[in-house]
Amino acid sequence: MNKPIDLSHLAAPKATSLPDINGMFGSFGGRFVAETLMPLILELQEEYTAAKSDPEFQRQLAYFQGDYIGRPSPLYFAERLTEHLGGASVYFKREELNHTGAHKINNCIGQVLLAKQMGKKRIIAETGAGMHGVATATVAARFGLPCVIYMGETDIERQQTNVFRMKLLGAEIIPVTSGTGTLKDAMNEALRDWVTNVDDTFYIIGTVAGPHPYPAMVRDFQAVIGHETRTQMLEKHGRLPDSLIACVGGGSNALGLFYPFIDDADVQMIGVEAGGKGVKSGLHAASLNGGTPGVLHGNRTYLLQNEDGQITDAHSISAGLDYPGIGPEHAWLHEQKRVDYVSATDDEALEAFQLCCRQEGIIPALETAHALAEVAKRAPALPREHLMVINLSGRGDKDMMSVAQHLGEKFGVKPTSP
Amino acid sequence: MPTTSRLEQCFAALKQQDRPALVSYLTAGDPDPETSHRLIHGLPAAGVDIIELGMPFSDPMADGPAIQKAALRALNNGQTQAKTLEMVRRFREDNTTTPIVLMGYYNPIFCYGVERFLADAAKAGIDGLIVVDLPPEHDEELCQPAARHGIDFIRLATPTTDAKRLPRVLGNASGFIYYVSVAGVTGGNAPTPERLENAVGELRAKTDLPIAVGFGIRTAEQAAIIGRYSDGVVVGSALVDCIEHAANPDDAVERVHGLVRELAASLYTCRTLCEVVD
């Protein structure tokens with residue numbers, strides 16, 4: 001057996017210093033909100049800064065991460081998929097095994113603990129695919145707080161299982177019909193609720209977007225993914241992974257995995273946007289590959305918009321990626337060229353979805369399937385020594401109806417006997 | 001040559017007459033470009049002192065359903081930032097006294113290009129800007145550049161703006177202060193009268209700028225009560241609703257100008273009448 005080598009220099013990532021005190025990642029981020037909300041987000045920032053160095057807060061967070069969410073999530077060697085692709089060694093960071101079936105709860109637990117600490121009496125959230133809504137409804141139930149979830153009408157239609165889950169958990173779901181009835185409109189409505197109920201309400205934003213401190217705060221709560229991956233890879237292979245791959249809508253699962261590796265120049269990072277019918281078709285949700293900088297929902301970032309600054313519709317088979325913006329830190333990492341942002345189409349995601357089901361016995365979320373599509377493109381050309389980690393950010397139970405529809409399967413119809 | 005701005009002249013004249021300004025909000029291009037032009041053009045004659053013209057935005061987070069729908073009507077009929085500026089230029093052909101303040105969100109201005117927008121706005125005859133999602137923390141984005149173009153940056157103060165924060169909010173403010181009467185979106189709940197009067201009083205102790213009050217003011221009666229102690233009363237959603245409920249463009253113009261006349265009449269006499277009543 002090899003003599004154990006000292007890995008302590010790799011165990012803890014270097015501290016990255018962004019955002020600055022104004023919440024800027026270079027020219028992205030910021031606090032572009034109405035004056036009514038400014039005092040609230042300044043207060044939140046203070047509370048969050050205090051919580052970061054409060055041992056009691058950190059103890060509680062660790063407790064719930066372990067006993068409630070079920071962390072750490074395994075770093076699993078996807079042996080059959082690796083064999084099938086015939087190249088890089090593919091590892092799954094199993095976030096789909098978390099309580100509620102996705103990475104979203106990592107952030108919700110953190111924010112609900114803050115809400116309790118701040119004495120807030122009511123929780124609101126927006127949701128697209130419903131995973132953040134379910135995670136929020138879950139923690140609200142656990143902490144005995146009333147919860148209102150804003151969800152676009154279009155998304156309610158395609159995510160009925162999650163709507164029912166939220167109801168079971170005691171949340172009130174408000175269908176959003178304004179705009180296009182998707183995630184961005186749900187976020188507008190949640191912001192309108194917040195500005196109206198400033199005294200008692202805590203808004204749990206589900207991704208690394210929104211006004212400062214949300215992008216940094218959500219990232220920090222999700223960074224547990226990358227921290228664990230680091231430790232687990234060091235345990236398994238005595239070195240850091242070579243590449244990290246994650247899907248990007250708002251970008252919280254990706255940043256959670258990437259962030260603790262940002263300063264490790266040898267670790268390659270790939271974010272996969274939803275390419276819809278193809279970035280050239282105009283029907284996509286790829287803000288970095290097909291958008292331009294602008295200001296929406298409290299931050300400056302890349303947006304899907306027309307030349308007059310009007311936000312345009314995103315399109316994706318996956319409701320969770322169907323957002324015309326992206327977290328501001330991703331916009332910065334894109335411009336810095338630290339992360340390579342690519343896209344996968346609806347069809348590529350569907351194919352990778354089925355590949356994962358059959359090769360690994362794991363039904364991934366359609367969001368995650370976009371990252372799997374990139375794995376399938378990249379892995380074959382790489383040697384087996386290449387350690388590739390994909391964030392398996394969510395499970396696909398919620399997507400059964402839409403996948404069935406796309407594959408031409410009908411529910412409730414008996415298979416005809418030959 | 002130092003000149004006083006249209007907004008300063010307007011508030012000075014109103015002070016002489018001892019009455020508050022009627023500030024009307026309409027979305028530019030709502031319901032269509034030509035009707036919108038007729039609506040705006042007729043506002044001063046109907047009794048409006050200051051015109052607030054909304055720059056439509058697809059995602060107006062601080063607005064309630066009425067103004068959201070107005071923005072969509074305008075955008076669906078092809079309204080753009082350039083057309084909004086052109087509308088003001090056309091208005092200025094025969095009105096050089098009524099102040100016009102553009103109100104909206106930052107993104108359409110950012111995408112137009114800040115410097116280009118300010119130059120074009122100044123040329124068109126814009127007097128001020130109200131940009132909801134630019135708090136003082138981002139003054140370098142637009143507030144300071146606007147000052148260099150001689151365009152006022154009208155700041156919103158709200159019920160959540162506390163004493164500690166107020167100096168920052170007032171810091172680079174010019175033109176007038178827009179006091180948001182309730183925490184919420186436009187067209188929402190009506191403010192509580194006593195709390196509102198106190199809030200305006202507290203604000204007045206900290207600034208020499210005129211104070212206009214808006215959000216949730218729909219009727220001549222409400223306007224008259226607030227007009228007793230504020231320098232201006234802003235009515236938006238109630239006017240925009242007139243457009244939504246109108247049968248046709250002529251009806252929209254009649255309804256909007258009708259409500260404006262009612263509001264103006266009530267503000268003309270609100271201070272003298274209440275003295276009699278007192």
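Q: Which residue does UniProt list for "modified residue: N6-(pyridoxal phosphate)lysine"?
A: The unreviewed UniProt entry lists A:Lys104, with positions given in the numbering used here, feature names shortened, and annotations that may be inferred rather than shown by experiment. This is a predicted model, in which local features need pLDDT of at least 70 and side-chain atom pairs count only at pLDDT 80 or more, while totals for chains, interfaces and linings use all residues. Residues are numbered from 1 along each chain as its sequence is written, and chains are lettered from A and ligands numbered from 1 in the order in which they are written.

Q: Where does A:Lys104 sit, and is A:Lys104 buried or exposed?
A: A:Lys104 is in helix H5 (residues 104-117) of chain A; helices (H or I, at least four residues) and strands (E, at least two) are DSSP runs numbered from the N terminus. A:Lys104 is buried because 33 other C-beta atoms lie within 10 Å, where buried means 20 or more such atoms within 10 Å, exposed 12 or fewer, and partly exposed in between, with C-beta atoms placed from the backbone.

Q: And what is A:Lys104 in contact with?
A: Leaving aside neighbours within four places in sequence, A:Lys104 is in contact with A:Met131, A:His132, A:Ala135 and A:Gly206, contact being C-beta atoms, placed from the backbone, within 7 Å.

Q: Which domains is chain A divided into?
A: Chain A has domain 1 (25-68 + 104-217) and domain 2 (70-101 + 223-406), with bounds from an automatic or database domain assignment. Their centres, taken over C-alpha atoms, are separated by 22 Å, and 40 residues of domain 1 of chain A are in contact with 38 residues of domain 2 of chain A. On the domain 1 side, the largest share, 5 residues, comes from E2(A).

Q: Switching to chain B, what order do the 9 strands of the open sheet have?
A: The order in chain B is E5-E4-E3-E2-E1-E9-E8-E7-E6, with parallel pairing; strands pair if DSSP finds at least two bridges between them. Strand E5 (152-153) and strand E6 (155-157) of chain B stand at the edges, each with a single partner strand, so one side of each is left without a neighbour in the sheet.

Q: How many bridges join E1 and E9 of chain B?
A: Strand E1 (residues 21-27) and strand E9 (residues 232-235) of chain B pair in the parallel sense over 4 bridges, and B:Leu22 has B:Val233 as its bridge partner in E9(B).

Conventions:
Two residues are in contact if their C-beta atoms, placed from the backbone, lie within 7 Å.
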